[in-house]
Amino acid sequence: NANNFTLGGLCGIDFHGKTIGIIGVGKVGKVAARIFKALGMRLLAWDPFERDAVAALGGDICEEIDDLYKQADVISIHIPLTNSTRHMINHESISMMKRGVLII
């Protein structure tokens, strides 16, 4: 259907108005935050080191990662895999998340 841009019949979710939880706001996390912000999402982030970067993008920083788990509709992970981050998404953290959360 050339030039048919209607949304009817499409599968997926509308990100506009949803809350994105970004774990890790280094170089890649900042770029992701800008993209999600452009899609009309509320920014929420957790990073033990890059705290000022989130405020500069118009988002909110979570003091505790559990707060991000509880509030986010979508969670985007941008941290290196280390021994301390290996199982940060586990049964306990998933039980805190909203039903239907999308993890990227």
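**Salt bridges and one buried serine**

Good morning; I begin with Lys98, which is partly exposed at 36% relative accessibility. Here, buried means under 20% relative accessible area, exposed over 50%, and partly exposed in between, with a 1.4 Å probe and protein chains only.

The model is predicted, so local features need pLDDT of at least 70 and side-chain atom pairs count only at pLDDT 80 or more, while totals for chains, interfaces and linings use all residues. Residues are numbered from 1 along each chain as its sequence is written, and side-chain values use heavy atoms, with hydrogens and water left out.

The side chain of Lys98 forms a salt bridge with that of Asp73, at 2.9 Å from N to O. Lys98 sits in the loop between H4 and strand E5 (102-103) and Asp73 in the loop between H3 and strand E4 (74-77), so the pair ties together parts that are 25 residues apart in sequence. A salt bridge requires a side-chain nitrogen of Lys or Arg within 4 Å of a carboxyl oxygen of Asp or Glu, and by this rule the count is 2.

Arg42 and Asp60 also meet through their side chains in a salt bridge, at 3.7 Å from N to O. Because Arg42 lies in strand E2 (residues 42-46) and Asp60 in strand E3 (residues 60-61), this pair ties together parts that are 18 residues apart in sequence. Arg42 is partly exposed at 35% relative accessibility, and Asp60 is partly exposed at 40%.

Finally, is Ser93 buried or exposed? Ser93, in helix H4 (residues 91-96), is buried, at 3% relative accessibility.

Technical notes. Helices (H or I, at least four residues) and strands (E, at least two) are DSSP runs, numbered from the N terminus.
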